[in-house]
Amino acid sequence: MLGRMTILSLVSLSFATAGTLTPGDPLPQAAAVQITAAGFSNLGGAVGQLVPESIVEDLVEGDFSCDDTSTQKLSYTVTNLELFLNVARSEIIPSDGRLDVYLGLEASATAEKVRVTGKCSFLTFNETCDLDIPAEDPILIDLHIGLSMALSDAGVIEVTVDEPELTLSPIDNPLVESAKCGMSDVIAWQLENDPEFINNLIWEFLGPTLSDLGPTLEEPLEEALASLNLSTSLALGEASVDLALFPSALELTTGGMFLGLGAEIAPSAISECVEAGDGPEVTMGGWPTVGERSWDGAIEHDAAILLSKDFTDALLWSVWAGGALCVEVNELAGASLGTSLLGQLFGEDFQALFPEDAPAGLKIDPRLPPTSHFDGEMPLYLDVAGLGIGAAADLDHRMARICEVGLDGSIGVALPITESALTPELIIDEEALAFSEAWTELLGPGYSEGVAGFLPTVIGSVLPADLLPTVALPSWQGIGLGAADWQASDDGQWVAAYATLSTEAVTPLEIAGCDALGCGGDGGGDLGSVIGCDDSSGCGGDAGCEDSSCVSSPRLRFPGGRLLLFTGFIALAMRRRKP
């Protein structure tokens, strides 16, 4: 269990204290993302689901030199190769300051024909063999990648990837012994002298690539995490709000990961329609307590998204100060406003003033900034006070103020999370709202009584359509968030969406042919690209992948390998010369 947060690293910025937050000043505790140990476990299992059960290649061909100095090469072709993969282990394990990724595979293979031709020293080869690595005795492949993560003083998440650890079980002779396949005899003889012979050949090919893999992965991981530093402008009707998010806290323990985000929020310009003052009031109360279960203990979750009241209040203040809520309405539900329509809102006295329909309008006057609270049935409530809804109409050939209704209360915001999006929705409960008759010189008491029933229509016409936009949630290869349950913290300063990871839509990666072998290709599903194999550097430098025909040319650069291979050729020649 994570228990109470211990900040491992905090961005060195001049943070404000409790009180009034100057617009644009950093707010260190704005939002957070938590992934529990159970979440990492499920994520690791989902990564295992991405591994295809089999990889098929019609033709694999290549050649290799007998030694470093010879120009002679042995060429090989493998037809109808099918590689079968079974995931035996797929885990992501968090610990203090790091993540460790483990992938264990059981590999078997079949091929219709393996052909080896060419000349090496004084021997000429023209062999046709069958390849079989049975599922009953598969090759065991274990890969471990460890990485550490830390938050720098500059607010950058720095990633250090350890050199990957790859282990292979001893590989037996993959060529079926037959009279047509003298190469099978060579390999069998080599394995008698060195059971790790085939493993050593593979290591000579993979070794340079694995050594380069750690640094190769660091850059794209850091670039992906750098996207957490977000700076954008939110257009809300005629107003806009500048919003910046940045990592401000990071904790990795055996209980999971906690990533805190700070924010800088300010209206692009202060509107003249409000008296903005100095800024929103904030508490700066610190990070909340998080653990493997929700605050009420009822939900064991994979991930949580947390929002602070300071953040929502600062955002609402900027929306208000920018003038997004100062609206003049000339239409209602798609119809032009006139006194006949407004008469249905403000009652008989209003209707008596205008026996004939006349032009009219509504004006929303938000005298105070809205604030938020979390402790209720809805995840979020918007609290409004002193909001004026004024009516004006053409009276005696001039636009005249007729009345104003004051509004105080709370409006709920539902925040349903699907696998693809967060879709906010305003929920208006008339019982949570209080209407007052703020001003009139022309109407009698009771003119506010009809406003409540029309309030959803009025708000729908007044608020900018993009005030509560649908927010797309990130997903990768079918891994996303499932349904979420929202809860408020006991002190009411935070709200959290507790969610499980959804993996029902995960489908194995489509890897075929050269992509599977990491030789060039267009990068679509190219494992070679993932491990640093590209057109400029090949697969691990001089172990490389030549041109676009999937021709692999690994050199046997270690002397022991050349000696054993050459000795094997001699042994094969002696066997062939026996009567």
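Student: Which residue is the bridge partner of Leu236 in strand 11?

Tutor: Ala239 is that partner. This is a predicted model, in which local features need pLDDT of at least 70 and side-chain atom pairs count only at pLDDT 80 or more, while totals for chains, interfaces and linings use all residues. Residues are numbered from 1 along each chain as its sequence is written, and side-chain values use heavy atoms, with hydrogens and water left out.

Student: What makes strand 10 and strand 11 a pair?

Tutor: Strands are DSSP runs of E with at least two residues; helices are runs of H or I with at least four, and both are numbered from the N terminus. Two strands pair if DSSP finds at least two bridges between them. Strand 10 (residues 230-236) and strand 11 (residues 239-253) have seven, in the antiparallel sense. Therefore the two count as paired.

Student: What do strand 10 and strand 11 form, and which residue in the turn has a positive phi?

Tutor: They form a hairpin with two residues between them. Gly237 sits in that turn, with a positive phi of about 65 degrees.

Student: How do you know that the span of helix 4 agrees with what it should be?

Tutor: The expected span is 1.5 Å times one less than the number of residues. For the 13 residues of helix 4 that gives 18 Å, and the end C-alpha atoms are 18 Å apart, so the two agree. Just after helix 4, Gly323 takes a positive phi of about 90 degrees.

Student: Why is the contact of Asp313 and Lys309 called a salt bridge?

Tutor: The term needs a side-chain nitrogen of Lys or Arg within 4 Å of a carboxyl oxygen of Asp or Glu. Asp313 and Lys309 have N to O at 2.9 Å, so the label holds. They are four residues apart in helix 4 (residues 309-321), so about one helical turn separates them.

Student: Are Arg89 and Glu91 buried or partly exposed?

Tutor: Partly exposed. Arg89 has 34% relative accessibility. Glu91 has 32%. Their side chains meet in a salt bridge at 2.5 Å, N to O.

Student: How many salt bridges does the whole structure hold, and which residues do shared partners join into one network?

Tutor: The search finds eight. One of them links Arg401 and Glu404 at 3.9 Å, N to O. That value is within the cut-off, so it counts. Salt bridges with shared partners join Asp365, Arg367, Arg401 and Glu404 into one network. Glu404 is buried, with a relative accessible area of 10%.

Student: Which side chain of opposite charge is nearest to Glu57, and how far away is it?

Tutor: Lys113, 15 Å away. Lys and Arg count as positive, Asp and Glu as negative; His and the chain ends are not counted. Glu57, in strand 3 (residues 54-65), is buried yet has no salt bridge.

Student: What lies 3.3 Å from a polar atom of the side chain of Glu57?

Tutor: The backbone nitrogen of Leu59. A polar contact is a pair of N or O atoms within 3.5 Å; within protein, one must be able to donate a hydrogen and the other to accept it, and residues adjacent in sequence count only if both atoms are side-chain atoms. The Leu59 distance meets that cut-off.

Student: What does the side chain of Asn173 reach at 3.0 Å?

Tutor: The backbone oxygen of Ser184. The backbone nitrogen of Leu175 also lies 3.0 Å from a polar atom of the Asn173 side chain. Asn173 is in the loop between strand 9 (165-168) and helix 2 (182-193). At 18% relative accessibility, Asn173 counts as buried.

Student: How many aromatic pairs are there, and why is the one of Phe258 and Trp287 called edge-to-face?

Tutor: There are six. Phe258 and Trp287 lie 5.5 Å centre to centre, with 80 degrees between the planes. Rings of Phe, Tyr and Trp (its six-membered ring) pair if their centres lie within 6.5 Å; planes under 30 degrees apart count as stacked, over 60 as edge-to-face and the rest as tilted. Both values pass, so the label is edge-to-face. Both residues are buried. Ring pairs link Phe258, Trp287 and Trp494 into a cluster.

Notes: Buried means under 20% relative accessible area, exposed over 50%, partly exposed in between (1.4 Å probe, protein chains only).
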